Amino acid sequence: MFNLILFGPPGSGKGTQSENIIAAYGLQHLSTGNLLRTEITNQTTLGLEAKRLMDQGQLVPDQVVIGMVGNFIDAHPEAKGFLFDGFPRTTAQCVALDALLKEKASEINIVLALEVSEEELVKRLLGRGATSGRSDDINEDIIRARIKEYHDKTTAVATYYAQFNKVVHVKGEGTIESIYADLKKEIDERI
Ligand code: B4P
């Protein structure tokens, strides 16, 4: 199995670049943001609670997200690898993911960290909010709260994987094609 984490702040292009990577390498895409939005659309109890937190720019509790990811991995025994998009977002999620993969005799092979300035992130997310209807993208205060949540809790994810020399930093500004070419080069060196 080849398992990759696409890491970066909200709006750094994780979802955008994931589409290119899964198409090229046939990995199973696991986006916790998408899983949570499906729960919201289906108006489940989990979805209603998740929406309340997401609309304030906060993270959903670790045990909820970890449970969802465990179910997703178990539901795809045929996967030749996973692309984790937007997960893990806290150190507790990193530890849980390592344990889930260990059960499958597998591990994280690489963490690709997209780097984008805060002003560019705000610009992109407000741009998406104007067309997508995503309630966490329409208000600049909520967007800045998400970026703060990223600095407070999620940057620790890069520190966690850096101790195993698994983190590669990639510039996340430029055209979607040029960023994908940089990501592809790093994957091809390790797959
Ligand atoms: P996510 O769904 O993961 O999404 P995201 O962080 O908003 O954005 P992403 O980086 O995927 O950006 P994208 O490619 O779409 O999270 C949403 C919320 O869910 C979180 O705030 C949190 O509350 C909750 N959540 C999710 N996972 C969780 C977890 N593990 N634990 C707890 N809570 C969790 O790009 C954004 C925009 O930029 C798009 O419009 C795109 O077109 C544009 N763009 C992309 N690349 C570009 C480029 N190179 N140039 C110009 N524009 C570009």
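**Pocket and helix packing**

Tutor: The model is predicted. Strand E1 (4-7), helix H1 (14-25), strand E2 (28-31), helix H2 (32-41), helix H6 (118-132), helix H7 (140-162) and helix H8 (176-190) each contribute at least two residues to the lining of the largest pocket.

Student: Which residues lie nearest the centre of the largest pocket?
Tutor: The lining of the largest pocket divides into 14 nonpolar, 19 polar and 11 charged residues. The lining comprises 44 residues, and those nearest the centre are Gly11, Lys14, Arg89, Arg134 and Arg146.

Student: Are H1 and H8 oblique or roughly perpendicular to each other?
Tutor: Two packed helices are described by the angle between their axes and the distance between the axes. H1 and H8 pack with their axes 10 Å apart, at an angle of about 50 degrees. Angles of 65 to 115 degrees count as roughly perpendicular, and the angle here makes H1 and H8 oblique.

Student: Is the crossing of H1 and H8 left-handed or right-handed, and which residues make the contact?
Tutor: The crossing of H1 and H8 is right-handed. H1 contributes Thr16, Gln17, Asn20, Ile21, Ala24 and Tyr25 to the contact. By class, the residues of this contact of H1 with H8 are eight nonpolar, three polar and two charged. From H8, the contact residues are Ile176, Ile179, Tyr180, Leu183, Lys184, Ile187 and Asp188.

Student: How are H2 and helix H4 (residues 62-74) oriented, oblique or roughly perpendicular?
Tutor: The axes of H2 and H4 are 11 Å apart, and the helices pack at an angle of about 100 degrees. H2 and H4 are therefore roughly perpendicular.

Student: How many charged residues does the contact of H2 with H4 have?
Tutor: Thr32, Leu35 and Leu36 of H2 meet Val65, Met68, Val69 and Phe72 of H4. The contact of H2 with H4 has six nonpolar residues and one polar residue, and the number of charged residues is none.

Student: How many charged residues does the contact of H2 with H3 have?
Tutor: The axes of H2 and helix H3 (residues 45-54) come within 7 Å and cross at roughly 115 degrees, and the crossing is left-handed. Leu36, Arg37, Glu39 and Ile40 of H2 make the contact with Leu46, Gly47, Ala50, Lys51 and Met54 of H3. By class, the contact of H2 with H3 has five nonpolar residues and one polar residue, and the charged residues number three.

Conventions
Residues numbered from 1 in each chain as written. Predicted model: local features only at pLDDT ≥ 70, side-chain atom pairs only at ≥ 80, totals over all residues. Heavy atoms only, no water. 1 Å grid on protein atoms, 1.4 Å probe; cavity = no way out; pocket = protein on both sides within 12 Å on 5 of 7 lines; lining within 4 Å. Helix = DSSP H or I, 4+ residues; strand = E, 2+ residues; numbered from the N terminus. Nonpolar A, V, L, I, M, F, W, Y, C, P; charged D, E, K, R; others polar. Axes fitted to C-alpha atoms, helices over the stretch in contact; angles between N-to-C directions. Parallel < 35°, antiparallel > 145°, perpendicular 65-115°, else oblique. Left-handed = near helix turned anticlockwise from the far one by under 90°. Contact = heavy atoms within 4.5 Å.
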